[in-house]
Structure formats: structure tokens, C-alpha cells
Amino acid sequence: MANHAYGLSEIVGTSPDGIEGAVNNAIARAGNTVRNLDWFEVQNVRGQIEDDKVAHWQVTVKLGFRIEEE
């Protein structure tokens, strides 16, 4: 990580299968439009309840990406 500049983006990933799936979905989708993704930090975890059970996970993820040099 020497001498790099980073940008930050905050997104929410979702998954019916759990926290890890929601994080992976967020990173995969961001990777379609953002280059140089380097790290992530989970900011918030929440979910949707249906019939007294967890139906869907929502994870707010902060993503760090390297700013390209000229």
C-alpha cells in the first residue's frame, strides 16, 4: 500500500444466504463498474424478517479502490 491514493464507495449488498453472500454480491457488482478494488470494511448488518425467520441479509460495505496514476 505504499504511496497510493484511495477512493471510497459505500454500497449495500444483499443475499438470502447470509452475511458472506451479501458481501460477495456487493463486491462482485461493484467490480463491474469500479476498477482497482483493494479492500472492504463491513459497516452495518441488517436483515428482512418473514414468518418469524430471517429472509434476506443486507450488508453495508465500504469499498476502497486505488486511484490510477497518470
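Let me start at the end of the chain: leaving aside neighbours within four places in sequence, Glu 69 is in contact with Asn 3 and His 4, where contact means heavy atoms within 4.5 Å. The C-alpha atoms of Glu 69 and His 4 are separated by 8.7 Å, although the two residues are 65 residues apart along the chain. Glu 69 sits in the segment after S3. The strand labels are DSSP runs numbered from the N terminus, with at least two residues (E) for a strand and at least four (H or I) for a helix. Glu 69 counts as exposed because its relative accessibility is 67%. For that scale, buried is under 20% relative accessible area, exposed is over 50%, and partly exposed is in between, with a 1.4 Å probe and protein chains only.

A word on what we are looking at. This is a predicted model, in which local features need pLDDT of at least 70, side-chain atom pairs count only at pLDDT 80 or more, and totals for chains, interfaces and linings use all residues. Residues are numbered from 1 along each chain as its sequence is written, and side-chain values use heavy atoms, with hydrogens and water left out.

Now the salt bridges. How many salt bridges does a search of the whole structure find? There are 2, a salt bridge being a side-chain nitrogen of Lys or Arg within 4 Å of a carboxyl oxygen of Asp or Glu.

One of them joins Arg 35 to Glu 68, and the closest N and O atoms are 2.8 Å apart. Arg 35 is exposed, because its relative accessibility is 57%. Glu 68 has a relative accessible area of 46%, so it is partly exposed.

Arg 66 forms a salt bridge with Asp 38, and here the closest N and O atoms are 2.6 Å apart. This pair, too, links distant parts of the chain: Arg 66 is in strand S3 and Asp 38 in strand S2, 28 residues apart. Both partners are partly exposed, Arg 66 with a relative accessible area of 26% and Asp 38 with 39%.

S2 and S3 run antiparallel and are joined by 12 bridges; strands pair if DSSP finds at least two bridges between them. Within this pairing, Trp 39 stands opposite Gly 64 in S3. The two strands form a hairpin with 2 residues between them.

Which residue in the turn has a positive phi? Asp 51 does, at about 55°, although it is not a glycine. Most residues other than glycine have a negative phi. Asp 51 is exposed, because its relative accessibility is 73%. Asn 36 is also not a glycine and has a positive phi of about 65°. Asn 36 is in the loop between H1 and S2, and with 23% relative accessibility it counts as partly exposed.

Next, two buried residues. Thr 60 lies in strand S3, which covers residues 53–66. Is Thr 60 buried or exposed? Thr 60 is buried, because its relative accessible area is 8%. Beyond its neighbours within four places in sequence, Thr 60 is in contact with residues including Glu 10, Ile 11 and Val 12, as well as Glu 41, Val 42 and Gln 43.

The other is Ser 15, in strand S1, residues 6–15. With a relative accessible area of 3%, Ser 15 is buried. Not counting residues up to four places away in sequence, Ser 15 touches Gly 21, Ala 22, Asn 25, His 56 and Trp 57. A polar atom of the Ser 15 side chain lies 3.0 Å from the backbone nitrogen of Asp 17.

Last, the surface. Which residues form a nonpolar patch there? Ile 19, Phe 40, Val 42 and Val 45 do, with about 310 Å² of accessible area together. Patches are made of residues with over 30% relative accessible area and no salt bridge, with nonpolar side chains (Val, Leu, Ile, Met, Phe, Trp, Tyr) joined within 5 Å and like charges within 9 Å. The areas come from the Shrake-Rupley method with a 1.4 Å probe, and for residues only the protein chains shown count as cover. Strand S2, residues 37–50, gives the largest share of the patch, 3 residues. Ile 19 belongs to helix H1, residues 19–31, and is partly exposed because its relative accessible area is 36%.

Note on methods:
Polar contact = N/O pair within 3.5 Å; in protein donor to acceptor, adjacent residues only side chain to side chain.
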